[in-house]
Amino acid sequence: MAAAAASPTREIPGAVQAGGTVAVSLGDSFISGEGGRWQGNAPIKETVGTDMWGTDRARVDCSGGSCKKDPYSVYGVSYQDPDTGKFNGCHRSDVAEIKSAALGVDRQVNYACSGAVTGDVLPDSAGGRWFKGEHPQTDQLRDLARQWNVKLVQLSVSGNDLGFSSIIKSCITQYIKGPTGSYCSKSWDAKVKEQLAGEVPRKVKATVEQIRKTMREEGYGEGDYVFALQSYPAPIPKSDSYRFSQSYLGVGSDRYRIGGCPFWDKDTDWARSEVVPGIATMLRQVARDERIGYLDLQDAFNGHGVCDKAARQPTKDNALNNPVPARDAEWMRFLSWGLADPQGQEEESFHPNSYGQKALGKCLSEFYSQAQGSQQPMFTCLNTAGQGEEGMHLRALG
């Protein structure tokens with residue numbers, strides 16, 4: 001039994017005395033489950049008034065001539081921000097990584113929240129903030145650790161501190177503007193590199209240290225649970241793997257109106273070869289410095305990114321009872337909100353869809369299994385061509 005259950009300094013509630021075990025996720029939208037409403041991406045131009053060709057899992061009812069959706073069936077109460085009343089809450093989906101993983105524990109708890117930065121994870125005592133009607137995530141972890149035997153803490157954070165969504169919006173804007181001769185990579189490259197070399201890793205390190213401090217204060221030794229930091233899967237492929245060519249037509253181009261991947265080749269290759277690997281390298285170094293585990297996800301969706309020519313979109317022959325198979329589908333949500341015919345919420349764009357989240361859950365299952373007894377487990381997660389989540393596997397990092 002974990003040290004938390006044997007600590008002589010405090011009385012452990014009955015759940016831990018009974019051996020109740022729990023795994024918990026902390027951090028941002030990439031681990032909260034944002035985008036889990038969808039299974040594949042149906043072309044926006046083809047889906048007005050339809051059930052999205054089997055891609056929308058939100059209890060679609062089209063019997064009255066227009067389709068009624070119930071996103072709460074996927075995201076529960078986390079669909080709505082209690083502070084604003086808007087549909088941009090924590091978006092914890094029913095297939096979030098921590099929920100879909102097979103971990104062999106009694107509970108799997110998701111405290112991650114869409115839009116969270118490191119300051120929303122830090123405990124109140126270290127300057128953490130309330131976010132979307134909730135206590136700082138590490139304070140929620142503390143309450144959980146007092147009543148349950150925590151066996152796994154998985155953390156995904158840094159993307160919002162870096163301003164990843166602003167970078168994506170900038171790249172989309174440059175594409176829609178047409179042939180201006182300007183690229184988002186030109187305006188963002190120096191800033192991204194500067195932040196990855198200084199401010200962002202300092203914030204992530206401080207967050208990791210506060211989580212470990214909280215667990216120590218609750219009687220946990222470092223060997224009593226697995227603590228791992230994870231990176232982010234690349235949302236798009238390299239430019240030579242796009243299904244659609246770049247075009248000066250902007251919103252009239254196939255990359256926008258069908259594929260939902262409106263990026264110039266130059267910006268695409270910059271994001272894929274500089275930004276995503278840069279974040280992964282930074283997080284891996286933090287994990288090394290802090291002597292915790294690390295799960296690299298940057299290549300987990302190879303062949304299944306938005307507009308990847310190795311994947312395909314569904315057709316009108318697909319439906320909820322006959323969706324595009326995971327082995328063939330895109331695993332990342334495309335630009336689902338735009339100038340016309342939006343699907344779902346803007347926040348869902350470029351996040352793992354239900355197929356992607358289940359794939360990451362399989363990665364987490366394998367990681368937790370192999371991390372047992374390891375002082376500092378470090379793995380990269382990869383998929384197998386022609387397979388769905390069942391083909392996910394790990395490779396040890398040197």
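In which strand is the place of His 393? His 393 sits in strand E7, which spans residues 393-396, strands being DSSP runs of E with at least two residues and helices runs of H or I with at least four, both numbered from the N terminus. The views below come from a predicted model, in which local features need pLDDT of at least 70 and side-chain atom pairs count only at pLDDT 80 or more, while totals for chains, interfaces and linings use all residues. Residues are numbered from 1 along each chain as its sequence is written, and side-chain values use heavy atoms, with hydrogens and water left out.

View 1. His 393 counts as partly exposed because its relative accessibility is 32% (buried is under 20% relative accessible area, exposed over 50%, and partly exposed in between, with a 1.4 Å probe and protein chains only). Leaving aside neighbours within four places in sequence, His 393 is in contact with Thr 380, Cys 381, Leu 382, Asn 383 and Thr 384, where contact means heavy atoms within 4.5 Å. With the side chain of Thr 384, the side chain of His 393 also makes a polar contact at 3.4 Å (a pair of N or O atoms within 3.5 Å; within protein, one must be able to donate a hydrogen and the other to accept it, and residues adjacent in sequence count only if both atoms are side-chain atoms). A polar atom of the His 393 side chain lies 3.0 Å from the backbone oxygen of Gly 391.

View 2. Most residues other than glycine have a negative phi.

**View 3. Ile 279 in the largest nonpolar core.** This core, a set of buried Ala, Val, Leu, Ile, Met, Phe, Trp, Tyr and Cys residues joined through side-chain atoms within 4.5 Å, holds 88 residues, and those that touch the most other members include Phe 263, Trp 270 and Ile 279. Helix H13 (residues 265-290) gives the most to this core, with nine residues. Not counting residues up to four places away in sequence, Ile 279 touches Ser 158, Leu 162, Phe 164, Leu 196 and Tyr 232.
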